[in-house]
Amino acid sequence: MKISIFGLGYVGCVSLGCLAKNGHQLIGVDINALKVDLINQGKPTIVEKDIDQIIREGHAAGRISATQQAAEAVVASDISIICVGTPSSPQGHLNLDYIYKTAEQIGEALKGKDSFHTVVIRSTVLPGTNRKFGEVMAAVSGKERGKDFSVVSNPEFLREGTAVKDYYHPAITVIGGDHEGALEQVSSLYRDLDAPIEITAIEVAEIIKYVNNSFHALKITFANEVGNISKALGIDSHQVMELFCKDTHLNISPAYFKPGFAYGGSCLPKDLKGLVTLGHDQYVATPVLSGVHESNEYQKRTAYELIARTGKRNICFVGLSFKEGTDDLRYSPSVDLAEKLIGKGFRISIYDPNVRLSKLVGANRSFIDEHLPHLSDLIAEDLHTALAEAEVVLINHRNFDAAPHKETLAQKDAVVDLVRIPELEDLPNYSGLCW
């Protein structure tokens with residue numbers, strides 16, 4: 001395939017070399033004459049393991065060249081891959097000037113091209129950039145997205161020092177687009193790689209690298225805070241984290257990675273507070289660990305505001321315990337939410353087959369007596385009755401069987417879902433907490 005690469009920096013140079021090594025015909029584009037000259041001499045524009053040999057071999061085979069003329073590259077290629085820089089401002093905003101300048105250049109070049117052209121954005125960009133990129137191209141070229149060209153988002157996950165290895169051995173290849181032919185065309189570039197290809201919505205592809213790298217930063221900081229506390233207590237922090245990583249059921253796994261309501265229960269709040277207190281007692285700052293509780297409280301406030309915005313006062317809770325399959329009400333975020341709603345004058349009813357006042361004993365009973373002393377007046381024995389009398393239905397448990405009640409729910413003023421029940425998402429009165 002004939003491919004043009006816009007931007008011959010780190011990502012562009014690696015992409016240029018690796019695609020040429022895979023047998024494609026490459027032409028690089030850059031405003032920097034020095035970079036163009038280096039590529040045309042068979043030399044890389046960066047220092048990176050193995051890339052010098054890959055560029056040299058690709059150039060010698062006649063599969064690599066470079067130019068400063070964008071139109072020349074677009075006319076000579078089927079796909080243009082955008083790898084230009086998107087520097088960050090001190091406030092965290094991206095400078096997308098190079099991105100949109102490239103959109104103008106490609107749009108201008110398309111005026112003289114009759115065949116369909118696919119643009120692939122590899123640069124790290126904010127959600128919405130793909131859409132605007134296409135609008136700029138259409139305005140400049142006079143051509144139509146989906147008919148004459150397509151813009152695909154294909155984020156890169158290359159690390160400096162191992163970029164070539166990362167290119168050929170990715171964990172996953174993410175491709176977001178809205179044109180079936182273009183998606184198939186871009187997917188074909190990665191078919192020989194031993195990694196799954198995930199086709200997603202454009203905005204998902206645009207945000208995923210931010211999510212990945214933010215989590216990587218979180219992991220490093222989490223480990224460092226654990227290390228600082230451990231050192232202050234004379235504990236081997238590396239042994240602690242090695243043991244931590246051996247748990248692939250919960251710690252290093254997909255467990256808990258589902259956006260939803262706040263955490264609760266008798267363990268997570270208590271043990272998080274205990275670890276933060278350990279650090280405090282040793283004069284060790286733990287801003288990340290300390291911020292977890294506040295973030296959790298914010299999620300509770302978000303749920304309350306979602307209900308308050310309905311303007312209705314009669315609320316039915318489907319589920320009250322801190323998670324389905326248990327009667328544990330201790331530190332349940334749903335209890336906190338119910339307590340706040342009652343304090344604000346809302347009328348609530350609760351249906352939770354696992355919670356029966358007669359069965360609550362010990363710490364569980366003491367907790368509910370303190371927070372919801374009139375729970376017996378709020379508990380509904382029959383779900384149909386509880387739903388019938390409510391204006392707003394709040395879903396707290398994932399095991400809620402929505403199908404038998406969907407018609408009733410559709411007649412409510414609002415259905416607020418804190419756990420994501422897919423069967424309910426097509427209801428016109430549906431609101432998800434963070435989806």
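Predicted model: local features only at pLDDT ≥ 70, side-chain atom pairs only at ≥ 80, totals over all residues.
**View 1. Helices α11 and α12 pack against each other.**
Two packed helices are described by the angle between their axes and the distance between the axes. Helix α11 covers residues 268-281 and helix α12 residues 287-308; they pack at an angle of about 145 degrees, with their axes 9 Å apart. Axes are lines fitted to C-alpha atoms, for helices over the stretch in contact, and angles run from 0 to 180 degrees between N-to-C directions. Helices (H or I, at least four residues) and strands (E, at least two) are DSSP runs, numbered from the N terminus. On the α11 side, look for Leu 272, Leu 275 and Val 276, which meet Leu 289, Ser 290, Val 292 and His 293 of α12. The residues of this contact divide into five nonpolar, two polar and no charged. Here Ala, Val, Leu, Ile, Met, Phe, Trp, Tyr, Cys and Pro count as nonpolar, Asp, Glu, Lys and Arg as charged, and the others, Gly among them, as polar. Contact itself means heavy atoms within 4.5 Å.

**View 2. Five strands form an open sheet.**
Follow the strands in the order β10-β9-β11-β12-β13, with parallel pairing. Strands β10 (347-351) and β13 (430-432) stand at the edges, each with a single partner strand, so one side of each is left without a neighbour in the sheet. Neighbouring strands of this sheet are turned by 20 degrees against each other on average, direction ignored. Two strands pair if DSSP finds at least two bridges between them. Helix α13 (residues 333-343) lies across β9, β10 and β11, and runs at about 170 degrees to β9.

**View 3. Strand β11 pairs with β9 and with β12.**
Strand β9 (residues 314-318) is joined to β11 by four bridges, and the two run parallel; Phe 317 stands opposite Leu 394 of β11. Four bridges also join β11 to strand β12 (residues 414-417), again in parallel. Across this pairing, Val 392 has Ala 414 as its bridge partner, and Leu 394 has Val 416. Within β11 (residues 392-395), Val 392 and Leu 394 point one way, Val 393 and Ile 395 the other way, and all are buried. Buried means under 20% relative accessible area, exposed over 50%, and partly exposed in between (1.4 Å probe, protein chains only).

**View 4. Strand β12 is covered on both faces.**
Ala 414 and Val 416 lie on one side and Val 415 and Asp 417 on the other, and all are buried. Three bridges join β12 to β13, which run parallel. In this pairing, Val 415 stands opposite Tyr 430, and the bridge partner of Asp 417 is Gly 432.

**View 5. Helix α1 is largely enclosed by the rest of the structure.**
Ten of the twelve residues of α1 are buried, so the helix is largely enclosed; among them are Val 11, Cys 13, Leu 16 and Leu 19. At 1.5 Å a residue, the twelve residues of α1 (residues 10-21) should span 16 Å, and the end C-alpha atoms are 17 Å apart, which agrees. That expected span is 1.5 Å times one less than the number of residues. After the helix comes Gly 23, whose phi is positive, near 105 degrees.

**View 6. Ala 66 is found in strand β3 and Gln 105 in helix α5.**
Ala 66, in β3 (residues 64-67), counts as buried at 12% relative accessibility. Leaving aside residues up to four places away in sequence, Ala 66 touches Leu 8, Ile 27, Gly 28, Val 36, Ile 39 and Asn 40. Gln 105, in α5 (residues 97-110), is partly exposed, with a relative accessible area of 27%. With the residues up to four places away in sequence not counted, Gln 105 touches Phe 6 and Ala 70.

Notes
Residues numbered from 1 in each chain as written. Heavy atoms only, no water.
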